[in-house]
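This report describes the surroundings of a ligand in a protein model.

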Amino acid sequence: MHHPDTATQDRFPAQDRFADGAQYIAGRPAHGTSGHTHTVLDPATGGAVLTYALAGTEDVDAAVAAARDAFPGWAGAAPGERADALHRFAAVLAERAEDFARAESLQCGKPLKLTREFDVPGTIDNTAFFAGAARHLEGRSAGEYSGDHTSYVRREPLGVVGSIAPWNYPLQMAAWKILPAIAAGNTIVLKPAELTPLTSLMFARAATDAGIPDGVINIVTGTGKEAGEHLVGHPDVVMTSFTGSTGVGRRVAEIATATVKRLHLELGGKAPFVVFDDADLDAAVNGAVAGALINTGQDCTAATRAYVQRAHYEEFVARTAALMETVRLGDPFAAGTDLGPLISHAQRDRVAGFVDRARAYARVVTGGEAPQGELKDGAYYRPTLIADAPQDSEIVQSEIFGPVLAVLPFDTDDEGIALANDTPYGLAASAWSRDVYRANRATREIKAGCVWVNDHIPIISEMPHGGYKSSGFGKDMSAYSFEEYTQLKHVMFDNTAVVRKDWHRTVFGDR
Ligand code: NAD
């Protein structure tokens, strides 16, 4: 049994906030009807944050019906009207920024400085970006291509989009799914991860308060098996956009394919961090610690495999370990905390399992344990550096999703790039060098949706995010995301008014 935690309720009184239910359908909250409940836990203490009724298939049906009803009006609104609504939405989010930061920190265990400076401002900026982008949807071709006709392209919304999001950045993932979809004139049903529903619900509420019509954004919080699969297979849903693990992505793809849906998959990652021997080693060490530990390593683009050219390998290992040891684990709400817990005790144990198995074949240089003392009840794990693991080992090949960095040496540039490409994933990567030719070669040859040079992690609303290989396909953020959320229609007008056209003779008669 989870005990109600008064400290937790003081930080953010979630149980009061969501007394009307943790579903958001047609512009209002509702209780789920699955007959099952879920308790959101504070990963820093294990205390109960919110117990809510999970969505069942009927709730998903109601949400899809609300989105379908809202579609003609929203799709038919002028782009400027949608843009105005999104600008107001960004303003409401900005007014509530501190509230969002606290809720996100509470349900995820993220330090407040991370949610205040990254998750929440990033979401507000994304909302403002899509307010502008809503007015720039365009078809590229128009003209008399046959000589006898005028052709043009209409870019049209799809209809009801069904999206599924993970728990690592619940607010940003909700924003990445919802904003391009609705900016393009679609309506949406989003299923957040059941562990982290709070900020998705608050996001939908803020949209209503900003004047976005009821039914344009709907949230169903239920399990993947019940609510998720029903949403993906729903006949009135025309597109599935999924962010999560590659394994679940495969299952989602099967269901979406069987019902002929457009599909967008943002899946796992295992980002390489390639340090050439002319790199600024100070910059690389700082970048590796920040890039590996951001969000306690629960980031699909986090640096997970550092490849360091032989001359600097031992120094890089020693200095990275030393810097990791200065990182302050602690209460996400306390000043001075750098790193919070993982999302859950189960995730912490999963990460510990990877590290414990690696002891048989690699060197655990620092970390490799959960802290004791006053942090012992939370899902904490110490920043961990693992050296000398073989390239084909589990710790180098599998997505761990925790504060764990593996470091391996390489000799030639060819080898460094080949090792960077040697996993099934291809979401993000970085190259560290002061030689523009070397760095430029790495950006061309590393197979990933994003390659940073001399940095690792930053994202911006104007630029696309999405994977190569088993990391999925399709783009979030940026104007490129409209390719996922719109369809093109060719419109062709006859200009001749000729009754019996020349080409008709291929079907009847002669010239
Ligand atoms: P997950 O795959 O376990 O779950 C993701 C979502 O899918 C959740 O909402 C879950 O309820 C739902 N789900 C589970 N089973 C389902 C099913 N059978 N049908 C439909 N939906 C189902 O992932 P997670 O543990 O929540 O998140 C971590 C994963 O997400 C990591 O692999 C990470 O790399 C990935 N991720 C990728 C990106 C990206 O942009 N590529 C961003 C963030 C996270």
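Where does the ligand sit? The ligand sits in the largest pocket. The model is predicted, with local features needing pLDDT of at least 70 and side-chain atom pairs pLDDT 80 or more, while totals for chains, interfaces and linings use all residues. Residues are numbered from 1 along each chain as its sequence is written, and side-chain values use heavy atoms, without hydrogens and water.

Around the ligand are 29 residues, near meaning a heavy atom within 4 Å. The closest are Ala165, Glu229, Ser245, Leu267 and Glu399. By type, the shell holds 14 nonpolar, nine polar and six charged residues, with Gly counted as polar.

Domain 1 (24-267 + 467-489) and domain 2 (271-453) both contribute to this shell, so the ligand lies between them. The domain bounds come from an automatic or database assignment.

| Protein atom | Ligand atom | Distance |
|---|---|---|
| Ser245, polar side-chain atom | oxygen | 2.6 Å |
| Leu267, polar backbone atom | nitrogen | 2.7 Å |
| His465, side-chain N or O atom | oxygen | 2.8 Å |

Taken alone, the ligand exposes 850 Å², of which the protein buries 89% (Shrake-Rupley method, 1.4 Å probe).

Key. A polar contact is a pair of N or O atoms within 3.5 Å; within protein, one must be able to donate a hydrogen and the other to accept it, and residues adjacent in sequence count only if both atoms are side-chain atoms. On a 1 Å grid over the protein atoms alone, a cavity is a set of points where a 1.4 Å probe fits but cannot get out, and a pocket is an open set with protein on both sides within 12 Å along at least five of seven lines; lining residues have an atom within 4 Å of a point. A molecule sits in a cavity or pocket if more than half of its atoms lie within 2 Å of its grid points.
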